[in-house]
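This briefing sets out the main points of a structure for computational work. The notes after the display are grouped by topic.

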Amino acid sequence: MTDGSVYLDHAATTPLDRRVLEAMLPHLGGAAAGGNPSSLHGAGAGAREAVEAARAEVAALVGARPAEIFFTSGGTEGDNLAVLGLAAARRGKRHVVVSAVEHAAVRGAAAHLESRGYDVTRLGVDADGRVSPDALADALRQDTALVAVMWANNEVGTVQPVAELAGLCEERGVPFHADAVQAAGRLPIDVSRVPVSTLAVSSHKLYGPQGVGALYVREGVEVAPIVFGGGQEGGLRSGTENVAGIVGFGAAARLASEEMGYRARHEEGLRELLLRGALALPGVRLNGHRSERLSNNVHLCVDGVEAESLVLFLDALGYAVGSGSACASSSAGHKASPVLLAMGRGEDEAFSAVRVTVGKDSTRGEVEGFLGAFSAAVSQLRELSPLYASS
Amino acid sequence: MPDRYNPQVIDHLVRPRNVGELEGASGTGESGDASCGDVARFTVRIAENRVEGVRYKVYGCAACIAAGSALSELVSDASLLDAARVSGVDLEEALGGPLPAGKEHALTLVLDALHKAIEDHWNREAGEMLVEGYGGLRAGTGGKKTVVVATSGGVDSAVTALLMKEAGYEVACVTFRLHDGERGSRSCCSPDTVLFARDTAHRMGLPHFTLNLKELFDRRVMEDFVGSYAEGRTPNPCVSCNAHVKFHAASFLADKLGFERVATGHYARVVEEPEGATMARPVDEAKDQTYVLWPVPRELLARTIFPLGEHRKEEVRRIAEDRGLAVAYTPESQDICFIPDGDYRGFVRKSVAAEPGEIVDREGRALGRHKGVVDFTVGQRRGIGVAAPTPLYVTEVRPKTGQVVVGKKADLETREVRVGGLNWFLPPERAGSVQIRYNGRPVPCEMEHAEGGEVVAHLGAPVFGVAPGQSAVFYDGDKVVGGGVVRRDT
């Protein structure tokens with residue numbers, strides 16, 4: 001983003017919108033800077049006002065009331081607070097259901113509960129990465145404390161049938177958490193229509209600053225805190241608020257609400273251009289659902305090529321994309337993506353996955369340039385590969 | 001350790017050198033596995049011990065691609081000895097410094113692929129020689145101080161290589177692939193052991209080679225091992241290996257490299273007698289391996305050096321520690337190397353159908369039944385499965401009739417032993433004592449020549465539980481006069 005290369009990894013993080021930066025600056029060093037929202041003096045009151053205005057913007061983005069929005073340090077904290085907090089608030093219920101394709105934040109929190117004696121059911125997915133409502137219905141038990149299924153997948157971009165899944169849980173009286181970190185600002189989310197209990201969002205995935213996010217908690221749903229202290233955020237998330245970050249998040253949420261339709265159409269156009277170009281190469285396949293997918297996500301398996309080398313090769317050619325499956329830094333070598341494995345892909349395929357995610361400011365020229373570089377990188381790496389025989 | 005790649009890595013990634021496969025290659029090697037995410041393949045053309053051409057291919061992360069490229073540059077047009085000396089550290093240097101954490105395996109992977117290609121070259125050069133046995137035996141005691149050291153990854157062979165290097169020899173290490181040992185097992189010669197032996201050699205700055213002797217080992221050692229049990233003999237696989245495999249293969253490599261001598265980490269000495277090179281017991285009596293070394297052909301012994309014969313085991317460990325060799329703390333290998341779990345009966349039963357038979361006493365009276373002669377060896381007391389007032393011992397195994405003969409301990413007493421398959425270093429007349437067990441004591445003996453070039457040793461004291469198939473080794477003081485195999489009847 002700063003070295004002049006073309007950035008096509010918006011699922012990892014998005015560049016800060018200039019308008020968001022301008023909204024933040026007064027709170028970083030300008031006239032409004034320095035107040036603690038909890039203080040009684042004027043500076044404190046100013047900070048409080050700014051935080052509450054941002055809360056209203058974030059609430060509007062997902063159709064919530066401001067009192068149902070609790071600021072956090074980001075998506076990971078929101079997911080942890082929801083999973084651990086919902087479980088802790090339901091004594092005696094020792095069963096948790098999560099999908100097999102959740103972000104590591106949810107998977108990790110669920111594994112933590114498992115280590116504390118909870119039963120964890122991990123719902124499988126179909127070849128497109130979707131959870132089946134029937135499978136969820138079968139998994140629910142009398143002692144189920146919560147269900148967590150993400151709104152849209154961070155790797156392969158598949159959108160889950162959240163309305164149906166959340167509705168089912170509502171009928172059974174089981175809290176439902178949705179990780180909407182990738183979906184927020186990209187897909188219309190309206191919690192007044194979709195009966196989720198909690199929903200996690202993150203600022204830096206929608207052109208806001210890093211280090212801030214929010215958890216929506218439906219009124220009446222009990223969530224126990226996991227951080228203790230001064231009782232900020234209604235006692236659910238103690239700690240002095242990240243005022244500038246929250247203001248930026250508010251601005252980013254407002255812009256996302258206003259521009260969502262345009263952004264989605266723009267991204268979809270580029271996504272289809274990307275897909276057509278990439279799939280025209282032999283041995284390249286799309287992962288995830290063809291239509292029920294994020295507007296900006298293209299996730300590919302490239303036969304005969306290992307993801308890390310492809311990503312670094314493209315980086316050297318001036319294009320930043322994500323590897324679908326990070327090569328873990330352990331002496332044991334690689335770790336295949338659990339998402340692709342859950343979708344029934346083999347390990348060799350999981351090692352060959354790359355993720356290209358466009359953004360609202362990506363251009364046609366960038367995508368076309370990328371396709372040229374991609375084709376060149378793939379053919380050179382295949383020439384190197386002892387496993388790929390060009391036919 | 002950095003968490004990002006050096007620019008040199010990215011340069012090799014984007015502009016890899018020597019990509020492809022050589023036409024008319026003299027060796028091909030592959031390492032890795034698609035399901036692990038990394039595969040490297042090298043092809044080499046070697047002529048007159050120079051790497052004339054090298055090409056590589058890699059499927060894997062940037063580190064693997066770059067390491068393969070850098071390695072191909074380092075060995076291109078190098079002498080084979082220099083190519084075999086290139087270490088992970090050399091590779092890292094060529095790549096601009098340490099790789100990110102967790103990426104070091106890339107160095108091991110591409111080195112292994114190259115070394116397997118060189119191994120393939122040797123095996124093609126050898127043709128049937130490393131299957132049938134290497135016959136080109138020569139003493140190799142010319143003036144050049146050059147030596148091939150057989151290394152296993154253990155402390156003894158590593159110190160052997162070190163001592164030879166410090167004695168001013170040009171050293172090349174070789175590790176043999178003898179069988180498909182289980183990965184990571186603590187016995188010798190498993191795949192991880194090869195990597196470890198290579199790394200140890202490289203840390204000493206020495207070239208390292210591997211030779212694939214699986215067919216030869218299977219034919220000369222494992223088949224004999226299994227067959228012996230089926231025939232009621234007690235085999236010693238280390239003896240068969242020393243007779244036909246290890247020293248021959250090391251000599252083959254020495255001849256190919258134009259090297260004079262061969263060294264191993266055995267505890268024994270080679271001494272000059274008027275008759276020529278002779279084997280003698282080592283300084284460390286507790287580690288004496290002459291009992292399994294007797295079949296080494298005399299021509300090969302003449303070019304062999306056992307530097308550890310002059311040292312005690314504690315000294316060897318101390319040398320390894322002082323020089324910082326990582327092998328210093330490896331455990332002693334005790335088991336039969338191709339049976340890491342020690343269950344040799346189970347191993348034999350996999351290859352030989354065991355037929356039930358009779359347990360009889362010396363008068364032929366049936367005492368019970370057994371599940372197969374392979375479960376019995378002469379001198380055995382446990383697991384006979386027959387109740388008796390005094391302890392019963394196996395005194396004889398008769399595979400032809402399927403009978404196992406049992407008796408009292410006194411029935412095991414032997415006062416004469418017929419020995420065949422002899423290998424002499426000194427005139428047989430010089431034999432003053434004979435040893436019939438690995439950890440046994442030599443007993444005085446008098447030699448009588450028998451027909452077929454065999455001998456009968458009249459023992460000055462009774463020996464218990466002598467089994468056909470065991471080695472009988474003759475000594476004159478601490479010198480090995482010769483050795484042979486105990487025959488069934490005297």
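Buried area is the accessible area, taken with a 1.4 Å probe, that two parts lose on being put together, summed over both. In this predicted model, domain 1 of chain A and domain 2 of chain A bury about 2400 Å² between them, while the area buried between chain B and chain A is about 2000 Å².

**Domains of chain A**

- The domain assignment divides chain A into domain 1 (6-12 + 260-384) and domain 2 (18-256), and their centres, taken over C-alpha atoms, are separated by 27 Å.
- Contact between the two involves 28 residues of domain 1 of chain A and 30 residues of domain 2 of chain A.
- Of the area that these two domains bury, 52% is on carbon and sulfur atoms.
- On the side of domain 1 of chain A, the residues losing the most area to domain 2 of chain A are A:M260, A:R263 and A:L294, which together account for 28% of what that side buries.
- One salt bridge is counted between domain 1 of chain A and domain 2 of chain A.

**Interface between the chains**

- Chain B contributes 27 residues to the contact and chain A contributes 24 residues.
- Carbon and sulfur atoms give 66% of the area buried between chain B and chain A.
- One salt bridge is counted between chain B and chain A; the side chains of B:K103 and A:E308 meet in a salt bridge at 2.7 Å, N to O.

**Nonpolar cores**

- The largest nonpolar core holds 110 residues, of which A:L310, A:F370, A:F374, B:F209 and B:L211 touch the most other members.
- Helix α5 (residues 105-126) of chain B gives the most to this core, namely eleven residues.
- A second, separate core has 70 residues, including A:V20, A:I69, A:L165 and A:V174.
- Beyond its neighbours within four places in sequence, B:F209 has contacts that include B:L80, B:L81, B:I118, B:W122, B:L253 and B:L257.
- B:A117 also lies in helix α5 of chain B and is buried, with 0% relative accessibility.
- Leaving aside neighbours within four places in sequence, B:A117 is in contact with B:G27, B:T28, B:G29, B:F42 and B:V44.

**Chain B: domains and annotated positions**

- The domain assignment gives chain B domain 1 (7-123), domain 2 (129-329), domain 3 (353-407) and domain 4 (412-486).
- The centres of domain 1 of chain B and domain 4 of chain B, taken over C-alpha atoms, are 52 Å apart.
- An unreviewed UniProt entry annotates residues 346-408 of chain B as "domain: tRNA-specific 2-thiouridylase MnmA-like central".
- That span is 10% helix and 32% strand, and the C-alpha atoms at its ends lie 27 Å apart.
- For "active site", UniProt (unreviewed entry) lists B:C241 and B:C337. They span 97 residues in sequence, yet no two of their C-alpha atoms are more than 11.0 Å apart, so they gather at one spot.
- B:C241 lies in helix α10 (residues 237-244) of chain B and is buried, at 6% relative accessible area.
- Not counting residues up to four places away in sequence, B:C241 touches B:F217, B:V221 and B:K246.
- B:C337 is placed in the loop between α14 (313-322) and α15 (344-351) of chain B; its relative accessibility of 15% counts as buried because buried means under 20%.

**Salt bridges**

- Over all chains, the count comes to 61 salt bridges.
- A:E57 forms a salt bridge with A:R254, with the closest N and O atoms 3.5 Å apart. This pair links distant parts of the chain, 197 residues apart: A:E57 is in helix α2 (residues 42-62) of chain A and A:R254 in helix α7 (residues 243-279) of chain A.
- A:R254 also forms a salt bridge with A:E258, at 3.8 Å between the closest N and O atoms. These two residues are separated by about one helical turn because they are four residues apart in helix α7 of chain A.
- A:E57 is partly exposed at 25%, as is A:R254 at 33% relative accessibility, whereas A:E258 is exposed at 53%.
- In chain B, B:R198 forms a salt bridge with B:D112, the closest N and O atoms being 2.8 Å apart. B:R198 in helix α8 (residues 191-203) and B:D112 in helix α5 are 86 residues apart, and both are buried.
- A network of salt bridges links A:D17, A:R19, A:E259, A:R263, A:K360 and A:D361.

How values were computed:
Residues numbered from 1 in each chain as written. Chains lettered and ligands numbered in written order. Predicted model: local features only at pLDDT ≥ 70, side-chain atom pairs only at ≥ 80, totals over all residues. Heavy atoms only, no water. Core = buried A, V, L, I, M, F, W, Y, C linked by side-chain atoms within 4.5 Å. Buried < 20%, exposed > 50% of the residue type's maximum accessible area, 1.4 Å probe, protein only. Contact = heavy atoms within 4.5 Å. Domains from an automatic or database assignment. UniProt positions renumbered as here; feature names shortened; annotations may be inferred. Salt bridge = Lys/Arg side-chain N within 4 Å of Asp/Glu carboxyl O.
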